[in-house]
Amino acid sequence: MKSFLAFLALACVLPAAFANEDWPQFRGPQGNGHSDSKGLPLQFGDANGELKNVKWKTPIHDRGWSSPVILGNQVWMTTATEDGKQLFAICVDRDTGKILLDQKLFDVPNPQFAHKFNSYASPSPVIEPGRVYITFGSPGTACLDTKTFKVLWQRTDIECNHFRGAGSSPIIHGNLLIMHYDGSDHQFVLALDKNTGKDVWRAKRSIDFQDLMPDGKVQAEGDFRKAYATPHIAIINGKPMLLSIGAKAAYAYEPKTGKEIWRVEERGQHSASTRPVVVDGLVVYPTGFSKGQLMAVKPDGTGNVTDSHVVWRVKRNVSNKPSVTVINGLIYMIDDAGIASCVDPKNGDYIWNERLVTGGFSASPVYVDGHLWFFSEEGKVFALKPGREFKVASSTQVGDGFMSSPAVAGKAFYLRTRTHLYRVEESGRASAK
């Protein structure tokens with residue numbers, strides 16, 4: 001039964017049948033960081049920091065933290081000038097690393113403020129056969145033909161002050177392109193017709209942001225309204241459910257209509273940045289910064305289910321930016337400071353909790369070929385053997401650090417550092433197409 005439900009979830013979430021040769025969206029084919037690929041290298045370099053198993057390395061101009069997406073022979077990502085006035089789409093040839101397209105999509109005369117830790121090109125694209133969808137948040141969203149590179153439609157009229165910069169990536173569900181807009185002025189989920197770019201539905205966040213502080217002041221602006229999380233579709237009780245984390249609350253919506261099904265409020269948190277997962281019938285997600293927690297929620301309620309459907313909370317060493325990963329029924333995460341954890345979904349208890357390294361982590365991990373991979377902002381790469389014992393299989397240094405999450409396709413990693421895109425695979429091997 002579980003296998004059948006997993007098949008239904010995959011069929012519902014994906015716009016097409018993707019094999020392990022593709023990585024069509026943020027966090028991969030199923031949106032959970034998993035790849036079915038085999039034969040990937042376990043070592044990226046030696047003890048002296050010298051790289052190996054690099055098939056090609058391509059410089060990417062300017063600045064962008066969007067993760068690469070892959071379909072067929074194309075690798076897509078975005079970048080932007082550091083001042084945010086020029087926004088670009090980039091397409092790289094998967095076999096050679098040659099840049100096929102470097103196109104400025106939008107000129108922005110007066111960009112919004114973006115925190116120096118963020119970039120003006122942080123949301124990842126999403127791709128399907130014939131089309132790629134690229135967004136920079138409210139400054140602009142575009143759909144491109146992947147054969148001709150023609151822009152099929154654009155939107156520059158969606159109002160949202162991202163306050164610290166945009167970060168949420170879009171997803172595809174059927175005929176819909178679904179995106180989060182959680183800013184300091186407006187907070188809503190938007191579904192566009194992916195063929196035309198026109199609005200299909202818009203769901204305003206229902207939580208009341210007017211929180212009173214102990215001094216009587218209203219905590220209702222800026223950081224306490226914004227979020228960067230990516231939505232996720234899951235099959236719950238045989239029906240698709242849109243899981244969506246905003247500031248101060250997590251929500252479930254009907255994907256076709258945007259009707260809210262339930263929400264869980266956690267008023268002390270903000271800036272949620274991850275993509276939720278489902279394990280053992282529970283929706284699991286980090287709540288974000290400030291009073292960040294890992295929460296598990298039963299998804300069968302309606303309305304405000306904060307007091308009735310929260311199963312457990314974890315409050316120590318919870319990731320703020322990297323998404324969590326589920327492997328063989330266990331939850332894995334890394335906090336932003338380098339402490340990795342394995343959590344039992346039955347009760348939220350730690351199975352192990354160990355420091356990998358002292359340093360920052362923003363990239364979400366990937367699970368491939370029996371190993372769980374973590375990539376740090378300083379360029380340190382770790383492969384762990386998942387299980388109830390903490391086991392590091394390899395560690396190395398790659399490039400100048402990872403703000404972007406990795407992609408996996410065929411027998412290769414596609415790794416975007418701060419300045420380059422790498423294809424890493426065992427020497428002598430090539431992905432079969």
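Student: What should I keep in mind about the numbering and the model before I start?

Tutor: Residues are numbered from 1 along each chain as its sequence is written, and side-chain values use heavy atoms, with hydrogens and water left out. The model is predicted, so local features need pLDDT of at least 70 and side-chain atom pairs count only at pLDDT 80 or more, while totals for chains, interfaces and linings use all residues.

Student: Let's begin with sheets. In which order do the four strands of the open sheet lie?

Tutor: Strands of a sheet pair through backbone hydrogen bonds, either parallel or antiparallel. Strands here are DSSP runs (E, at least two residues; helices are H or I, at least four), numbered from the N terminus. Two strands pair if DSSP finds at least two bridges between them. In this structure four strands make an open sheet with the order 2-38-37-36, paired antiparallel. Strand 2 (54-59) and strand 36 (407-409) are at the edges, each pairing on one side only. Neighbouring strands of this sheet are turned by 15° against each other on average, direction ignored; for such angles, axes are lines fitted to C-alpha atoms (for helices over the stretch in contact), and the angles run from 0 to 180 degrees between N-to-C directions.

Student: How many bridges hold strand 37 and strand 38 together?

Tutor: Four bridges link strand 37 (residues 412-416) with strand 38 (residues 420-424), in the antiparallel sense.

Student: Which residues have the most contacts inside the largest nonpolar core?

Tutor: A nonpolar core is a set of buried Ala, Val, Leu, Ile, Met, Phe, Trp, Tyr and Cys residues joined through side-chain atoms within 4.5 Å. Buried means under 20% relative accessible area, exposed over 50%, and partly exposed in between (1.4 Å probe, protein chains only). The largest core here holds 29 residues, and Phe44, Trp373, Phe375, Phe413, Tyr414 and Leu415 have the most contacts inside it. Among the elements giving two or more residues to this core are strand 33 (371-375), strand 34 (380-384) and strand 37. Strand 37 gives the most, with four residues. Another core, of 21 residues, lies apart from it and includes Cys91, Tyr120, Ala121 and Phe136.

Student: What does tyrosine 414 touch?

Tutor: Contact means heavy atoms within 4.5 Å. Leaving aside neighbours within four places in sequence, the contacts of tyrosine 414 include Trp56, Pro68, Ile70, Val75, Arg94 and Tyr422.

Student: And what goes on around strand 34?

Tutor: Strand 34 is mostly covered, with four of its five residues buried. Strand 33 and strand 34 run antiparallel and are joined by four bridges; tryptophan 373 stands opposite alanine 383. The two strands form a hairpin with four residues between them, and glycine 379 in the turn has a positive phi of about 95°. Strand 34 is also joined to strand 35 (residues 392-397) by five bridges, again antiparallel, with leucine 384 opposite valine 392.

Student: How many salt bridges does a search of the whole structure find?

Tutor: Side chains of opposite charge can pair when their charged atoms come close. A salt bridge is a side-chain nitrogen of Lys or Arg within 4 Å of a carboxyl oxygen of Asp or Glu. The search finds 16 of them. In one, glutamate 21 meets arginine 94 (2.7 Å, N to O). Glutamate 21 lies in the loop between helix 1 (2-13) and strand 1 (34-35) and arginine 94 in the loop between strand 5 and strand 6 (99-107), so the pair ties together parts that are 73 residues apart in sequence. Arginine 94 counts as buried, at 1% relative accessibility.

Student: Which residues are linked in a network of salt bridges?

Tutor: Arg155, Asp157, Asp199 and Arg202 form that network. Glutamate 425 is buried at 3% relative accessibility, and arginine 423 is buried at 0%.
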